[in-house]
6 protein chains.
Amino acid sequence: MKLTRRYRFSASHRLHAPSLSGDDNARIYGKCNNPFGHGHDYMLEVVVRGPLNAGTGLVVDLRGLDDLVRREVIDAFDHRNLNADVPAFGEVVPTSENLAVEAGRRLRSAWQKRFGDAPALEKIRIHETRRNIFELSL
Amino acid sequence: MKLTRRYRFSASHRLHAPSLSGDDNARIYGKCNNPFGHGHDYMLEVVVRGPLNAGTGLVVDLRGLDDLVRREVIDAFDHRNLNADVPAFGEVVPTSENLAVEAGRRLRSAWQKRFGDAPALEKIRIHETRRNIFELSL
Amino acid sequence: MKLTRRYRFSASHRLHAPSLSGDDNARIYGKCNNPFGHGHDYMLEVVVRGPLNAGTGLVVDLRGLDDLVRREVIDAFDHRNLNADVPAFGEVVPTSENLAVEAGRRLRSAWQKRFGDAPALEKIRIHETRRNIFELSL
Amino acid sequence: MKLTRRYRFSASHRLHAPSLSGDDNARIYGKCNNPFGHGHDYMLEVVVRGPLNAGTGLVVDLRGLDDLVRREVIDAFDHRNLNADVPAFGEVVPTSENLAVEAGRRLRSAWQKRFGDAPALEKIRIHETRRNIFELSL
Amino acid sequence: MKLTRRYRFSASHRLHAPSLSGDDNARIYGKCNNPFGHGHDYMLEVVVRGPLNAGTGLVVDLRGLDDLVRREVIDAFDHRNLNADVPAFGEVVPTSENLAVEAGRRLRSAWQKRFGDAPALEKIRIHETRRNIFELSL
Amino acid sequence: MKLTRRYRFSASHRLHAPSLSGDDNARIYGKCNNPFGHGHDYMLEVVVRGPLNAGTGLVVDLRGLDDLVRREVIDAFDHRNLNADVPAFGEVVPTSENLAVEAGRRLRSAWQKRFGDAPALEKIRIHETRRNIFELSL
């Protein structure tokens, strides 16, 4: 049994790779390279997989999952400027791909202590807009 | 080729495990343990997989699929109180996880007679709310 | 300037008018008359209208609005059985029309004390399902 | 006959009123007062009203409407930091209410020259998130 | 009290005004003038307004409304080619504006016989795509 | 890392298999067999899979992906009559299953030249309506 749980957060970012020239940045990122940034309403999907608890009929303690996801990811990203407020994006470009990598790193490192091996953290998805969805297996 | 077909049904339920104390029920299920129950508009997704019929260009007879899903699942759950109206939930807590298990059991037992081996019934998903999606491989 | 703010709640109900015969109830309400009830995920829209505060650029204090709506309506309806848990529906059939009337009555009676005349409470809408939307001017 | 046409844009902002103290800003705007800003995917709805052209069966030249809205509003707001990139928000707090006022001002001032009196520009709406919708009559 | 009820239908059409030249048709309707037509999934919203029936708590007999709307509009438009299958669009261009006019004409002419003066048929809306919504007061 | 990118197109079609009798066509395709056709607003999802470019933080050049998908699929299907405008559907019934097969064939044949082996084209999905989703692994 798998559960997909959805969370939302609003953040701003600017896409600009320090290793590239100004022209390359403008060409690669287009409007997303505008100097003062812009923003999105992101959706994070967390997919967990595990056996059913026969007594409760639940696959995961939802309150525990919410606590972990909020503490590790949502509080750090929501209503933030990703470039300025999240240390991991000091050098790394805050594309949605890297956002998924960073969210996955945070969830994985806290998962074992809270949930052990069941349920397992299977994958996450970041919906950047209605048209772009990024998925990372964990 | 896979087809995902979506169905909707509205039902009420109360989450209460007879094997647990009143305190544990309140702690585990929160507002879902309220004594008189509450309700949701559920979405059921049925995923079938099979080869294309070269003549018709179809992977499954949709009318046949609809008849089977309605007779086995939708008619039994829609506009019902799951605890009181569905025998399987006499002892079993009607969480969405158990709802998926029961819907899967009903579909599997009728599938072979109607469709044989092609198309195959691959998995089902229950969307409980916009935020919680349960998936069961069959 | 008008603001529409959306709230969600899940509830169960049974449509049955005590003044009508069993046959009439079955004919008028159809599946909604099933004896043990069923449920929905409702959306409540609250529409307020007022001038802009020149200093803050806001038409209403959102936190104040949320507090009032949650205390007066959401806490009373969410994860409840409307027939059994809401006194107003002891004799009155909990159709979405009457749900709107009751929600409007509750909001109106608390509004003046909290907001005075600005912003004004203009109307509310109850989305029962994706297909039925009820609107009441206040 | 009325037409509502929808446009989308992504932008970042910080809510901070220069006339208020730091404490008041934090209290009034909450997380929206975070120093480095955050962002949203906004939806703008433009409502026009007019008679049907009997020959074409159209109420407005859609291409002309799109050109005007993009040039006056979308190009100025999309993928921008509203505080830093839009002169009108140098002193004025870029709440969605003020965003609607500024968008309305821009559309009105260009409307007469392009469309004259028919169709008329009736109102606009800004959907800030799925929960907050602001409407301004023009 | 107002009720908005939603219906869906799928249809194809070609926009081509016989009174205009080929160049004008191509310029005005763009891709919608392609000779063999194209299609949409339309949504029709019917808005009715009336007093609450104190006994039933309903503003309109939904089954009666559905019967009327399906017989007068949905059956005539759904899974049809509007130009070829609907006589009203023999000479008239099947824009969504004219679709609203024709649907309104059909509903109005059948309304009085079925519902009399209460509830009243207030307006209809045609959602052509996610971006274009047409509204006609009746 | 996987990216799902969404595209929309509007098209009309008629489902009629030349190898079957008129009665069989009517029985199998129902209203979709109506002689003058009907239409839908389709959504195409393209799923690509590949490693992250460490410098840019991107899994695929979105502009390149959009150019390829538009040139190979969207321009050919959008605002078209699939039976009359797309040569592949001269003999083949334009069901959504066959639409997926044809879109997949077009994307695969252009993919290698533009993207080589990374990212890989993993699968596509056609959303025919809100209820039917077809998926083809590539």
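This is a predicted model: local features need pLDDT of at least 70, side-chain atom pairs count only at pLDDT 80 or more; totals for chains, interfaces and linings use all residues.
Close-up 1. Residues are numbered from 1 along each chain as its sequence is written, chains are lettered from A and ligands numbered from 1 in the order in which they are written, and side-chain values use heavy atoms, with hydrogens and water left out. C:Glu72 counts as buried because its relative accessibility is 18%, buried being under 20% relative accessible area, exposed over 50% and partly exposed in between (1.4 Å probe, protein chains only). Leaving aside residues up to four places away in sequence, C:Glu72 touches C:Arg106, C:Leu107 and C:Ala110, contact meaning heavy atoms within 4.5 Å.

**Close-up 2. The interface of chain D and chain C.** Chain D gives 20 residues to the contact and chain C gives 18 residues. The area buried between the two chains is about 1,500 Å², with carbon and sulfur atoms giving 49%; buried area is the accessible area (1.4 Å probe) that two parts lose on being put together, summed over both. In chain D, the residues that lose the most area to chain C are D:Glu97, D:Arg131 and D:Ile133, together 40% of what that side buries. The rule finds one salt bridge across this interface, a salt bridge being a side-chain nitrogen of Lys or Arg within 4 Å of a carboxyl oxygen of Asp or Glu. The side chains of D:Glu135 and C:Lys2 meet in a salt bridge at 3.9 Å, N to O. On the side of chain D that touches chain C, two or more residues each come from α1 (22-29), α4 (96-115) and β5 (132-137) of chain D, and β5(D) gives the largest share, five residues.

**Close-up 3. Strand pairing in chain C and across to chain D.** Strand β1 (residues 2-13) of chain C pairs with β5(D) in the antiparallel sense over four bridges, two strands being paired if DSSP finds at least two bridges between them. Within this pairing, C:Thr4 stands opposite D:Ile133. β1(C) also pairs with β2(C), in the antiparallel sense and over 12 bridges, and C:His13 has C:His38 of β2(C) as its bridge partner. Strand β2 (residues 38-49) of chain C is largely enclosed by the rest of the structure, because 10 of its 12 residues are buried. Seven bridges join β2(C) to strand β4 (residues 120-127) of chain C, and the two run antiparallel; here C:Val46 has C:Ile124 as its bridge partner.

Close-up 4. β5(B) pairs in the antiparallel sense with strand β1 (residues 2-13) of chain A over four bridges, with B:Ile133 as the bridge partner of A:Thr4. Strand β4 (residues 120-127) of chain B also pairs with β5(B) in the antiparallel sense, over five bridges, and B:Lys123 stands opposite B:Ser137.
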